Amino acid sequence: MTRRTARIGNSLWKPALLMMALAAGAPAYAQWTVLIPDSYRGEEAIRAALDDLEEAGANFGIAFEVASAPCVGDPFVAQENTILVGGPGVNTATKYLQSEGKLTFDGVAESEGYEISTIATGPARVMALAGGSVLGDAYGIYWIRDRLLVNGQLPDINMRRAPALGIRYTRIEVRSEEDIRRALSYGLNTVYGENPLRLIPWNAEPERTENEVFRKRTRELAAYAHSMHMRFMAMGTDFTYHPSLLEEFGATLTPDDPRFWDAVQAKYRMLFDAMPELDGVTTFTADEQSYWGNYRTFDVMHGGVGCEWPLEKRYRTFVKKVWEVVVGEHDKIYFNRTWATNVYEQQARPEVFARIFTDEVPTKNLYLIPSFTQNDRWWFQDYNPTINQTPHRTMVVCETMDYHGGEGFFPTYPGAYFQAGLETMLDVPHSNLSGLSLDLPASDDWQTRSLTAYTVSRLAWDYHEDVREIARDFASIHFGPKAAEGMGDLLLRSASAYKYGLYIEPTVYGEFSSLPLIRVGQFNAQGYPLMDGGKAQMELLRRIYLKCKPWIPETHLYLEHGLNTIQSMKEGWLAFESALDRAQADEVSRALNATELLIRTNNEYVKTIFAYFAYRDEPSSENRAALETSCEKLRATADALEQAPGASFLLYGVDQLLLNAQLALKDLEGAVHLLQNAPSSDETELAVQKEEARYKTILEEFSGEAVKILHWRGKIDGTDVVRMKGSDVSIQHYSWDGPQVERAEVISPLPQHAGTVLVRSIATRPLHPFVLEQPSAANGFTVEILLSDAPGGGDWWEFELLFLDKSPAELGIRDSLKARR
């Protein structure tokens with residue numbers, strides 16, 4: 001079998017275990033023969049599984065040698081430890097042992113299930129694997145591999161397993177054959193490939209020619225997935241399109257135009273006519289749209305000038321029109337993700353879901369995919385109530401439960417949460433839940449993504465399995481059997497630490513997101529703090545304060561429980577720290593310390609919010625002292641978090657609160673007055689629009705004098721600031737997802753003297769890029785450009801900067817839009 005160099009996890013304990021065995025006089029290698037039928041020699045799924053089993057064995061001094069099963073009619077006598085792959089219908093050795101009464105199988109009804117029986121025959125052990133299909137046998141080999149990784153040796157295995165959910169997929173696009181192999185190892189049977197926009201032969205260049213390359217590669221990946229007996233689907237968002245499509249049909253962007261639906265159907269007809277190799281397509285119509293370059297998007301559910309169609313009619317029509325092509329014409333599979341970023345549409349409201357998916361919507365080959373929870377961010381949220389509302393089959397998305405994000409923190413274990421949810425959805429008569437997804441990890445480390453994928457892959461087969469055992473098994477794989485119990489216990493407690501340490505229960509009621517203060521590695525700052533002095537941020541914090549005000553002691557109690565949990569985890573860790581390799585022990589220690597600092601910072605942040613508004617509302621000496629103390633504690637713990645080895649977490653919201661609190665302590669009346677008179681978000685946007693209009697006028701008036709200095713292109717999802725000084729260009733991220741810089745071409749250095757920089761937008765969204773601060777001697781002749789993408793997913797921005805050798809005052813524009821301090 002072909003050996004791979006990929007490392008099995010982050011398992012530094014395994015080589016040490018092998019050395020200990022050798023020192024004790026154990027043989028260097030335990031030998032196992034793997035007998036497979038000749039018909040399996042060409043099966044890629046079997047080859048991949050055996051490759052991975054062989055590689056895992058090498059970590060423990062166990063060798064696996066693959067050989068052919070004996071000829072039909074020949075007896076089989078095991079002379080050495082043997083694994084028989086394939087039931088009696090395909091493996092002659094298995095059939096012989098069964099005929100001799102040495103092996104019995106109850107049989108598996110599901111084609112993807114398998115049964116494993118271990119017997120002793122003289123000095124040898126025989127482990128017989130009988131799957132319901134080739135794919136079932138491949139999954140069985142991976143289970144044998146899992147038991148080896150957990151135990152450090154190959155134990156006797158006697159059991160039957162079959163998937164509880166028929167469709168198990170990853171929503172992460174697979175880009176290589178190795179990705180597909182990894183999906184197989186997690187027990188998946190469906191993978192996502194390229195976006196349809198890259199596969200359709202559009203009647204436009206350069207996209208038509210470019211897409212030929214994407215189709216060729218996609219055919220290769222689809223063929224490889226099929227060789228693994230897995231489904232391969234395209235995945236995109238809607239309604240995304242090339243303008244040539246609307247031109248071809250003379251369609252307008254409104255649901256009440258019949259030609260619009262002709263265009264929608266033509267998109268998917270073109271896709272499957274060009275790519276019959278695809279097994280289906282996944283799409284969704286929420287805010288987070290995926291498109292670029294000349295492609296465009298249209299909000300089918302809310303857009304269309306003058307169109308009065310209600311949401312239910314729009315959504316139902318969209319699904320039916322796509323279904324007619326995908327399933328009706330091409331007999332493919334259609335996954336529809338019902339996600340929406342609000343609390344009142346089909347994602348969250350069962351009555352809206354039921355009004356959309358009436359009997360008019362066919363059920364054949366259609367799978368609807370709500371989120372696991374009713375709204376966003378899991379904690380303090382109901383499980384999604386749209387499951388089991390209609391006869392249409394559903395699947396759920398099992399995301400990693402670490403929306404706090406950041407780097408260097410202890411992983412979040414989702415086992416108990418997902419198990420209870422699956423029991424809620426499946427343990428009812430006539431459940432329509434048919435599948436789930438996991439996010440395929442890029443490597444087998446011990447972080448949240450790998451932990452979640454492992455856990456979900458286990459629950460997809462047996463959702464009643466003991467989640468404590470799953471946690472211990474994961475810990476054993478990555479830290480060794482001696483540390484499995486202790487690390488498993490830490491993993492089990494991690495969810496409580498994060499839920500109670502970071503989430504603020506009273507703020508969740510009625511909200512879409514249950515984590516308003518934190519987003520993916522940062523304490524957010526709302527609005528335009530560089531321009532509004534923190535006005536929008538303080539307004540958010542005021543709302544949080546008022547929601548918590550009746551329950552402040554209880555809010556503190558929950559936060560303290562989270563902090564106490566991580567502290568007890570750190571104490572428990574000391575009892576078995578020595579069971580790990582020093583490098584791994586240091587890594588775990590750093591993660592636990594960083595997590596304690598993150599939770600402590602959040603704890604002090606919330607306390608400071610309460611203290612700030614208590615002082616604003618009642619400026620007594622007692623409240624002033626409480627605010628001063630809170631600010632000192634918050635600053636100290638935030639500084640410690642910022643300096644924590646191996647950790648990364650941005651503090652924008654914390655810093656903004658501390659700034660406004662210091663201003664209040666210095667001059668409360670003046671600080672309140674400053675916030676009251678700061679521009680609102682609407683006023684800020686209006687001021688920017690006026691500046692943008694002035695840019696255009698100036699560029700027209702001085703077109704012969706303005707010198708182009710920078711061409712910039714990148715994806716923006718939130719707020720970022722581009723800075724340019726001379727030939728140096730940088731970008732600083734402030735909120736939401738980080739930027740993806742594709743191009744920052746310096747055409748001419750920014751002169752190191754006073755002047756004016758102007759922005760020329762090529763392709764941007766509101767709030768369009770604008771000059772936050774003009775170059776001057778005071779800032780070292782640095783220009784700052786603020787990029788702030790409106791909510792609704794990121795987008796690609798492209799613009800140019802031009803320099804004019806005139807002062808802002810001469811041109812009638814402001815030299816800075818920054819807030820006054």
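Reader: In this predicted model, how far is the sulfur of cysteine 548 from the closest cysteine sulfur?

Author: The closest cysteine sulfur to that of cysteine 548 belongs to cysteine 631. A disulfide requires the two sulfur atoms to lie within 2.5 Å. The pair is therefore too far apart for a bond, the separation being 18 Å.

Reader: Is cysteine 548 buried or exposed?

Author: The cut-off for a buried residue is under 20% relative accessible area. Cysteine 548 has 0% relative accessibility, so the residue counts as buried.

Reader: How many disulfides does the count come to?

Author: A disulfide is a covalent bond between the sulfur atoms of two cysteines. With the limit for a sulfur pair set at 2.5 Å, the count of disulfides comes to zero.

Reader: Which side chain of opposite charge is nearest to arginine 145?

Author: Arginine 145 is found in helix α4, residues 134-151, and is buried. A salt bridge would need a nitrogen-to-oxygen distance within 4 Å. Arginine 145 has no salt bridge, and the nearest side chain of opposite charge, 4.5 Å away, is that of aspartate 444.

Reader: Which backbone oxygen lies 3.5 Å from a polar atom of the side chain of arginine 145?

Author: Although arginine 145 has no salt bridge, a polar atom of its side chain lies 3.5 Å from a backbone oxygen. That oxygen belongs to aspartate 52.

Reader: Which strands stand at the edges of the open sheet of six strands?

Author: The sheet has mixed pairing and the order β2-β1-β3-β5-β4-β6. Each edge strand has a single partner, so one side of each is left without a neighbour in the sheet. The edge strands are β2 (62-68) and β6 (159-161).

How values were computed. Residues numbered from 1 in each chain as written. Predicted model: local features only at pLDDT ≥ 70, side-chain atom pairs only at ≥ 80, totals over all residues. Heavy atoms only, no water. Helix = DSSP H or I, 4+ residues; strand = E, 2+ residues; numbered from the N terminus. Buried < 20%, exposed > 50% of the residue type's maximum accessible area, 1.4 Å probe, protein only. Lys, Arg positive; Asp, Glu negative; His and termini not counted. Polar contact = N/O pair within 3.5 Å; in protein donor to acceptor, adjacent residues only side chain to side chain. Pairing = 2+ DSSP bridges.
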